Amino acid sequence: MLANNTSVADPALLEPLICALVGQRDRVPAEHLAVRIEQALLLSGLSDNADSAQTAAVSDETAREILRALIANDQIARAQDLADAWGSARPELVTHQYVAELIRGLGRTGKHAQALELFTDYQQLDQNEITLEMLCAVLEVYTGAGDYAEAISVGKRIRRLVSADPQRLPSRDTFNCLLSAYCHATQPGEAMRVLEEMRRYRVHADSDTYTILVLAMSALRSLEGLKLIAALANVDYNLAARESDQDYSPPLVLDTDYYNALIEAYGRMAEPMLALQVWEVMRFRGVRPNHLTATLLMDTCGWCERVHWDEDMKPQLVFVNHEVPDDYVYTGAKLLYYHFLGSALQQLQQAGLEFSLANYQHMIETLLRGAFLDDVVTMLIGRYEEPEETAMWIRRTYDARFDQVNPLIRDWVKRTTPPATEGGKEISGHAVTRFMTDYLPPIPLCKETVATTYGAVEVLRGKFVSEDDPRVEVQLAYRSKGLVFAILDLHEERLDRFLAAKRPDLLPDDRRQRMQAAEQAECAQ
């Protein structure tokens, strides 16, 4: 009992309490929501048997709130069982909105066939009551199932209903699903018309909207379409709310996924400078990077992707530019971009990102794309070597580079270069390492990074052996084949010796066997 002779069982108090428990479901963790649902069922007097629906004092709307909470908590089967149990005593309990939410819940949990079967059964029972809410739910299920043709078919029905009655609008999530369906079906023109309709009906786009479109333009390799999407996103981002217009949207919040998609898209189109500009905008707007951001920036700085044009890209498709030179298949990695790498990695750390092991492995691969094995090995084991050892390997690296120079130039340098300045770090060529090690954490020395180093070396060496095109060696590393092989052989030997002496547990078996075979051959001689 409470004050003024009121009871907790009083519906005037009970129903608001139950709605408070199961309301605002998106803000409650799943495990907490499950506990709240049990408390709401206990307070309402509803249970698994049909009699409880007659004796419970709560209204149908409160009972529906509990069912919606069960669906939001992915307790789909239990929500169906309770609805069946309560429906006999409360025939008006199950509404079109509830069925639509149940279809969405089944689709969200991956039970697409069951969701579509439920829609079919409901459609056969009452064909005239297929509402906009239900069509939107079915659209989301088809999109989640990857059946984009059916999703587009349902989407056309939705667009006709909205055109006839603009006061009844789907949610932004529904529009995003329709955009995704058109983009996956390679219909960018229709996707842009859907975006136009969203703006006309004042359904404000979110970060997911523009991420979907950026990924679509990236798949089509359409630089013009990508720039258009980025421009529209920037317009929405810079649009401030006006006090005189209560319906006006707040500025668009573009999240990390959007910027990652944009960086990757510009990289795919061989526009690394535009990709780096996106990173600068991301920093300026205070968007927190993640590990994928780090991976994409490494790709941007050390690799301008191989641009392959898909066979199914037909000239009549919107936004696709086919005026590409025949030899524009590989853009290579200009050494200039490697100098952005250290700065980008430092900025990532300043933004609070702690590199993952996968990031360090990707860093190794990125540097080895430019044949910088000497830099990789220095960053991997240089801090464990004695100063004399490091100096010796620097000297040998310089000699390896010097031996590849034109003999006439080499003789002239030997005659004109004083011995005091001929060796040492100042001419060792470790520009990338010197630039990065001032603020870059050392690469962890572990099995994963060692395996990545050896594996990437084999891939790099295979590129030179297997490719017949003489341009490959220039495009791959901007170094001669002889110099690349000399650097690879030298610093593989350096890594082998270090691991055999100080970390034998990290030395791969094949490398150990190779070293033993070389020693036996040397002894036999």
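**Exercise 1.** Is Tyr-258 buried or exposed in this predicted model?

*Solution.* Take the relative accessible area of Tyr-258: 2%. Buried means under 20%. Tyr-258 is therefore buried.

**Exercise 2.** Classify the aromatic pair of Tyr-258 and Tyr-259.

*Solution.* A pair of aromatic rings is described by the distance of the centres and the angle of the planes. For Tyr-258 and Tyr-259, the centres are 5.2 Å apart. The planes make an angle of 75°. Planes over 60 degrees apart count as edge-to-face. The pair is edge-to-face. Tyr-259 is buried, at 2% relative accessibility.

**Exercise 3.** Describe how helices α16 and α18 are arranged.

*Solution.* Start with the axes of α16 (residues 291-302) and α18 (residues 357-369): they come within 9 Å. They cross at roughly 5°. Angles under 35 degrees count as roughly parallel. Therefore α16 and α18 are roughly parallel to each other. Next, the contact. From α16 it includes His-291, Met-298 and Asp-299. From α18 it includes His-362, Met-363 and Arg-369. The contact residues divide into 3 nonpolar, 6 polar and 2 charged.

**Exercise 4.** Which ring does the charged end of Arg-285 sit over?

*Solution.* The ring is that of Tyr-237, with the charged end 3.8 Å from its centre. For Arg-200, the ring is that of Tyr-201, at 5.5 Å from the centre.

Conventions. Residues numbered from 1 in each chain as written. Predicted model: local features only at pLDDT ≥ 70, side-chain atom pairs only at ≥ 80, totals over all residues. Heavy atoms only, no water. Axes fitted to C-alpha atoms, helices over the stretch in contact; angles between N-to-C directions. Helix = DSSP H or I, 4+ residues; strand = E, 2+ residues; numbered from the N terminus. Parallel < 35°, antiparallel > 145°, perpendicular 65-115°, else oblique. Contact = heavy atoms within 4.5 Å. Nonpolar A, V, L, I, M, F, W, Y, C, P; charged D, E, K, R; others polar. Phe/Tyr/Trp six-rings, centres within 6.5 Å; stacked < 30°, edge-to-face > 60°. Buried < 20%, exposed > 50% of the residue type's maximum accessible area, 1.4 Å probe, protein only. Lys NZ or Arg CZ within 6 Å of the ring centre and 35° of its normal.
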